[in-house]
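Colleague: Hey, could you walk me through this one? I'd like to start with the rings.

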Amino acid sequence: MHDQVKSSARREIPAVNKVLEALGHYDLPRVMIVDLVRRELSKIRAKADIPDLESIVDLLRRSLGELHASRLQPIINGTGIVIHTNFGRAPLAPEAIRALNEIGPAYSNLEYDLATGERGRRGAYIENALALLCGAESATIVNNCAAALVLIVRHFTGDKPEIVISRGEMVQIGGGFRVGEIIEAAGAKLHEIGATNKTTLNDYAKAIGRNTALVLKVHRSNFFMSGFVESPSSAAIAELARKKRIPFAEDLGSGAVVATETLGIVEHERTPVEVLKDGADLVCFSGDKLFGGPQAGVIAGKKRFVAALKREPLFRALRCDKLVFAALQATVDLHLNQSTPGVSAIALLQVSEDELRGRATAIAGRLEGLPGRIAIGRGRAKVGGGTLPRSTMSSFTIDIIPENCSLADFARRLRASNPPVIGYIADDQFKLDLRTIFPQQDDLVVDAICVACTK
């Protein structure tokens, strides 16, 4: 009897075509919509209580909305974090976008020598340009900085297993990845030295032995230590490594190639030029942080080491495609031409307070009369991306206390706008920091706030 009731209930489950008709049009591939409908109906069949058609359609609309929202799409960043890892890190420069538009739709000379008419070397121009920019004998690129570190570790630990690294540099980077685990995954054995807060040059000297393949120094990324701390300079470690005939590499991560003090930031971020001048054999850094380009890992340093890395079979698996080359090439050219205001990430760091104040006043004026409280506030923007953790920049914010919903619901409404607008909640207000919102997005921000306040 129970099975008969269950079978009768199952017959009440609508057919896929009936559900599709009730759903109407969605801006998604039909095959994905059909697949989602079938999966949801399959789950319903396993339940004791079968919902009616309207409830099923409502459930599927929510699921389709979540699926559509998961597509890669532009957003408006009102968080005040310039290099936001969750938001794709550095926004590309207009020159890089033009390069993508030129290279993307067409064939290119990616591995073709126009002078000889024969097969060419991938990345010949950009490698020369990066070497010049970094003050290095040679340079190359892979698909991100973690890949650069893996390639370096794999190459140097071919005959000897150990990598010497300070415990104070065993950092965890975005997504829960830890430098130590990345190194071990590359097949190396970690030889940790010193304490979390103090590592001396003598610690390095005692650790280097017959099994040492490489001495590695790693940027501390998104934290800093102060107080009872000690860490030898890159120059001192390089001199020791040279005496011991052991290669020395430094992972800078941040990608700063200009003096950060010139950007109005008090904190100094070391550049590849400085590290290589101090004696490092190799340096690696990210292309999509303070460098302001696409995701890439740049390796620069001694010519013989860079050449050896490029001969590694793993190098082919880690190399970049034509779109990364195009965007990075345009970004490198901006740096070489000392046109850093054209690099979007750097331009955002340099926006003046007067400009931000003027935009905040204009936006607040256009929002007058909306329900709730809307005011101009002050903010402290951050560089982000695991760089300059102690540095903040003054900014202006649009502060909102909605009348018709909670702060969390208001934030949810803005995330549902087109394009999504992302801010943060602080001091019992919803805030949008203008330093990370481009001026051409101000109209979109105003429209989104108006809709969210009047729903």
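Predicted model: local features only at pLDDT ≥ 70, side-chain atom pairs only at ≥ 80, totals over all residues.

Colleague: Which residue has its charged end over the ring of Phe396?

Modeller: That's Arg378, and its charged end is 4.2 Å from the centre of the Phe396 ring.

Colleague: OK, and how many aromatic pairs does the structure hold?

Modeller: Three. In one of them, Phe156 and Phe305 have ring centres 5.2 Å apart and planes at 70°, so the pair is edge-to-face. Phe156 belongs to helix α7 and Phe305 to helix α12, so the pair ties together parts 149 residues apart in sequence.

Colleague: Are Phe156 and Phe305 buried or exposed?

Modeller: Both Phe156 and Phe305 are buried. Another pair is Phe410 with Phe430: their planes sit at 75°, with centres 5.4 Å apart, so that's edge-to-face as well. Phe410 is in helix α17 and Phe430 in strand β16, 20 residues apart.

Colleague: Switching topic: which residues of helix α10 are buried?

Modeller: Ser234, Ile237, Ala238, Leu240 and Ala241. They cover an arc of only 165° around the axis, so they're on the same side of α10.

Colleague: And what's on the face turned away from that buried side?

Modeller: You'll find the exposed residues Arg242 and Lys243 there. The cover over the buried residues includes α9, β8 and β9.

Colleague: Last one: why does Leu132 count as exposed?

Modeller: Because its relative accessibility is 64%, and exposed means over 50%. Leu132 lies in helix α6.

Terms used
Residues numbered from 1 in each chain as written. Heavy atoms only, no water. Helix = DSSP H or I, 4+ residues; strand = E, 2+ residues; numbered from the N terminus. Buried < 20%, exposed > 50% of the residue type's maximum accessible area, 1.4 Å probe, protein only. Arc of directions from axis to C-beta. Contact = heavy atoms within 4.5 Å. Phe/Tyr/Trp six-rings, centres within 6.5 Å; stacked < 30°, edge-to-face > 60°. Lys NZ or Arg CZ within 6 Å of the ring centre and 35° of its normal.
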